[in-house]
Amino acid sequence: TSSGKSSTTKKKETTTNEDTTSAQDQYIEIVLQKNRTAKCNSPNVTIATGEVLIDQPGDYLFTSTTSVWYGQITLKLKNDQEANLRFENVNIKSERSNVLQIIDSSITSNRSFIEAEATAGTEADDQINEVADYEKAPNVSISFPQGTSSTFTSTANGYTGIIYNESKLTIKGRGSCSITCDSRKANNCICSTKSITVKNVNLNMTTAQHDNTESLAATSGSAKGIFSYSKVYVESGTININSNGDCVRCDSFYSSGGTMNFKSSACDAVDADDVIEISGESSVKAIALSKYS
């Protein structure tokens, strides 16, 4: 049921944006194929049916030969390591959990909360807070190159997000990505224990029940656009979030540029514990449809 591995590498393209790298560097290419299979020649990558596991630092390029790839991508790094994940016109859908997991392998804490359908104040919430309390973290970037369009979709009912992250994460590139929760379920689009920085990219996030103004989705910890236990920085790009819960829930929110359109049907557009600071050339439209928000 698992695919064989074949030799495929691709040189990085020299561009005029923040993805610019020297021509000598190479991406390790991972090709997503039909029937939940994939191929890659690198020992850094382990492939099984519907699963791609990366456990070494480096630069990785995801391409696809199928209209929809069903499965999960997991990146495991120690807190002193770095990686770049580049997605070029891929459509990934998960039916049981996160589409993308970024795990800090230096932390040995229980991760059972990842699969839990949990709410705030539960044991699962305590477990994720334990992971969030670690100060160090890997440095990871997710990039969507100019002219490309990718989609991440999940039908899972949980609260750790379509993208679950334990790294200091940068989402960048001049392409676009749509992150969508199935309309019947209650999940967050992005859940992060560490900081998130957004540069240039066009992000479109839609949660379950984003048009329901009467009540929250199934669990109070879910249906948020970005749920960070740390800080969220927006430097540039465009972020469109339609959510049932908070569009952005974080420790602190900083915006120095970019265009943001936030609409929550039952909660807040931005909910931060400490700071909301909007400056520079930021353009922010924030709408909360519930009279209580």
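**Exercise 1. Decide whether Phe-113 is buried or exposed, and describe its ring partner.**

Solution. Step one: Phe-113 has a relative accessible area of 0% and is therefore buried, where buried means under 20% relative accessible area, exposed over 50% and partly exposed in between, with a 1.4 Å probe and protein chains only. The model is a predicted one, in which local features need pLDDT of at least 70 and side-chain atom pairs count only at pLDDT 80 or more, while totals for chains, interfaces and linings use all residues. Residues are numbered from 1 along each chain as its sequence is written, and side-chain values use heavy atoms, with hydrogens and water left out.

Step two: the search of the whole structure finds eight aromatic pairs, a pair being two rings of Phe, Tyr or Trp (its six-membered ring) whose centres lie within 6.5 Å, with planes under 30 degrees apart counted as stacked, over 60 as edge-to-face and the rest as tilted. Phe-113 and Tyr-164 form an edge-to-face pair, at 6.0 Å centre to centre and with 70 degrees between the planes.

Step three: the two residues are 51 apart in the chain, with Phe-113 in the loop between β11 (100-104) and α1 (123-132) and Tyr-164 in strand β14; here helices (H or I, at least four residues) and strands (E, at least two) are DSSP runs, numbered from the N terminus. Tyr-164 is likewise buried, because its relative accessible area is 0%.

**Exercise 2. Find which residues Asn-165 contacts beyond its sequence neighbours.**

Solution. Step one: Asn-165 lies in strand β14, which covers residues 163-165, and at 0% relative accessible area Asn-165 is buried. Step two: leaving aside neighbours within four places in sequence, Asn-165 is in contact (heavy atoms within 4.5 Å) with Ile-102, Cys-191, Ser-192, Thr-193, Lys-194 and Ser-195. Step three: the side chains of Asn-165 and Ser-167 are joined by a polar contact of 2.5 Å, a term for a pair of N or O atoms within 3.5 Å of which, within protein, one must be able to donate a hydrogen and the other to accept it, residues adjacent in sequence counting only if both atoms are side-chain atoms.

**Exercise 3. Describe the surroundings of Phe-262.**

Solution. Step one: Phe-262 is one of the residues, together with Phe-62, Phe-87 and Phe-152, that touch the most other members of the largest nonpolar core, which holds 55 residues; such a core is a set of buried Ala, Val, Leu, Ile, Met, Phe, Trp, Tyr and Cys residues joined through side-chain atoms within 4.5 Å. Step two: beyond four places in sequence, Phe-262 touches residues including Ile-239, Cys-247, Val-270 and Ile-287. A second, separate core of 13 residues includes Val-131, Tyr-159, Cys-191 and Tyr-229.

**Exercise 4. State how many disulfides the structure holds, and examine Cys-177.**

Solution. Step one: the structure holds zero disulfides, a disulfide being a pair of cysteine sulfur atoms within 2.5 Å. Step two: for Cys-177, the nearest cysteine sulfur belongs to Cys-189 and is 9.8 Å away. Step three: Cys-177 is buried, at a relative accessible area of 1%.

**Exercise 5. Locate Arg-36 and describe its phi.**

Solution. Step one: Arg-36 is found in the loop between β2 (26-32) and β3 (38-39), and with a relative accessible area of 33% Arg-36 is partly exposed. Step two: its phi is near 65 degrees, a positive value in a residue other than glycine. Most residues other than glycine have a negative phi.
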